[in-house]
Amino acid sequence: MSTDPRLFLPHALQSGTPVILDREDTHYLINVMRRTQGDTVRLFNGRDGEWRAQIAEASKRAARLELVEHTREQAQVPDVELLFAPIKRAKTDLIIEKATELGARAIRPVTTQRTQSDRINVERFRIIAKEAAEQTERLDLPEISDLAKLDRVIDGWDEDRILIFCDEAGDDGARPWGGERGRAVAALGQFADLTNRPASILIGPEGGFSAAERDRLRGLEFTRPVSLGPRILRAETAAIAALTLWQSACGDWR
Ligand code: SAH
């Protein structure tokens with residue numbers, strides 16, 4: 001695999017059309033990665049596959065690249081989305097980065113009854129996702145949506161898409177973690193028949209889901225409650241574990 005730096009750009013990538021880098025990408029390429037005129041880089045834009053390009057001209061503030069070769073056709077990651085309730089900033093950032101690396105096609109922050117944070121910075125999420133996608137060789141960026149209420153998202157659900165509800169609790173409100181009753185079935189087995197179905201994985205906030213939310217989620221036709229084992233995971237660990245299992249059972253790790 002090439003060790004040339006990879007850059008995501010909004011520009012169209014087509015033979016004969018030079019690419020002028022903005023200040024930030026120039027800084028990354030020239031000052032951080034220490035590349036200079038004549039060096040090659042790889043470019044992608046989420047539409048035109050991947051291109052090898054050469055630095056034709058560079059200063060500290062601007063660079064002009066010439067496209068040399070179309071090296072990969074555009075391809076999409078499998079259709080798995082991550083729905084999660086934003087938590088503390090550093091951990092939310094980690095979720096965005098890891099979900100991008102693990103090939104989530106979309107990342108959708110949702111507010112639930114116990115969500116701690118009602119404000120998110122989608123632009124920051126997009127920058128984190130861009131950097132993770134550049135590093136991870138994918139050819140697209142995950143779509144990142146604005147914060148929306150989980151109830152509203154469910155109201156408008158496309159029923160062809162399965163909602164994988166990561167449910168750590170049982171049904172007994174009087175006992176720690178909701179007790180044993182109604183515990184979800186282990187995730188891996190639950191994924192076996194979902195190979196060709198678009199999927200969204202739902203992870204709750206630190207305080208978990210309320211009893212009313214769990215009742216609603218469990219009552220929906222398109223939901224599948226799953227367990228990630230007997231230990232309660234932090235939300236960011238749960239997101240990583242669930243995406244890993246889904247990619248292994250249904251996605252492109254098979
Ligand atoms: N209910 C707990 C902890 C929530 S953990 C509390 O009240 O503090 C955050 C989220 O991670 C959960 O809502 C769930 O979506 C997911 N999660 C964590 N451990 C899990 C497990 N063992 N099985 C399924 N989901 C889990």
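Let me start with strand β12, residues 199–203: five of its five residues are buried, so the strand is largely enclosed by the rest of the structure. By buried I mean under 20% relative accessible area, with exposed over 50% and partly exposed in between, using a 1.4 Å probe and protein chains only. Strands here are DSSP E runs of at least two residues, helices are H or I runs of at least four, and both are numbered from the N terminus.

A quick word on what we are looking at. This is a predicted model, so local features need pLDDT of at least 70 and side-chain atom pairs count only at pLDDT 80 or more, while totals for chains, interfaces and linings use all residues. Residues are numbered from 1 along each chain as its sequence is written, and side-chain values use heavy atoms, with hydrogens and water left out.

Back to β12, then. Which way do its side chains point? Ala199, Ile201 and Ile203 point one way, Ser200 and Leu202 the other, and all are buried. In a regular strand the side chains alternate between the two faces of the sheet.

Now for the neighbours of β12. Two strands pair if DSSP finds at least two bridges between them. Strand β6, residues 80–84, runs parallel to β12 and is joined to it by five bridges. Strand β10 also pairs with β12 in the parallel sense, over four bridges. Look at Leu202 in β12 on your screens: Leu202 is the bridge partner of Leu83, and Leu202 is also the bridge partner of Phe165.

Let's move to the antiparallel strands. Strand β4, residues 50–58, pairs with β5 over eight bridges in the antiparallel sense, and the two form a hairpin with four residues between them. Within that pairing, Gln54 has Glu66 as its bridge partner in β5. Strand β2, residues 19–21, is joined to strand β5, residues 63–72, by three bridges, and these two run antiparallel. There, Ile20 has Arg64 of β5 as its bridge partner.

On to charges. How many salt bridges does a search of the whole structure find? The count is 28, where a salt bridge is a side-chain nitrogen of Lys or Arg within 4 Å of a carboxyl oxygen of Asp or Glu. One of them is between Arg52 and Glu69, with the closest N and O atoms 2.8 Å apart. Arg52 lies in β4 and Glu69 in β5, so this pair ties together parts that are 17 residues apart in sequence. Arg52 is partly exposed at 27% relative accessibility, and Glu69 is partly exposed too, at 37%.

Arg64 is partly exposed at 24%, and Glu57 is partly exposed at 44%.

Then there is Asp167, which forms a salt bridge with Arg218, again with a closest N–O distance of 3.0 Å. This pair links distant parts of the chain: Asp167 sits in the loop between β10 and β11 (185–186), and Arg218 in helix α6, residues 211–218, 51 residues away. Is Asp167 buried or exposed? Asp167 is buried, with a relative accessible area of 3%, whereas Arg218 is partly exposed at 30%. There is also a network: salt bridges that share partners join Asp79, Glu81, Arg105, Arg108, Glu143 and Arg161.

Two backbone angles next. Most residues other than glycine have a negative phi. Arg34 is not a glycine, yet has a positive phi of about 60°. Arg34 is in the loop between α1 (23–32) and β3 (40–44), and is exposed at 61%. Glu137 is not a glycine either and has a positive phi of about 75°. Glu137 is found in the loop between α3 (122–136) and β8 (143–144), but here the residue is buried, at 17%.

Last stop, the surface. Which residues form a negative patch there? They are Asp158, Glu159, Asp160 and Glu221. Patch residues have over 30% relative accessible area and no salt bridge, and like charges are joined within 9 Å. Asp160 is in the loop between α4 (150–155) and β10 (162–166), and is exposed at 56%. Thanks, everyone!

Key: Patch = residues over 30% accessible without salt bridge, like charges linked within 9 Å, V, L, I, M, F, W, Y side chains within 5 Å. Areas by Shrake-Rupley, 256 points an atom, 1.4 Å probe, with all protein chains shown as cover. Lys, Arg positive; Asp, Glu negative; His and termini not counted. Charge placed at Lys NZ, Arg CZ, Asp CG, Glu CD.
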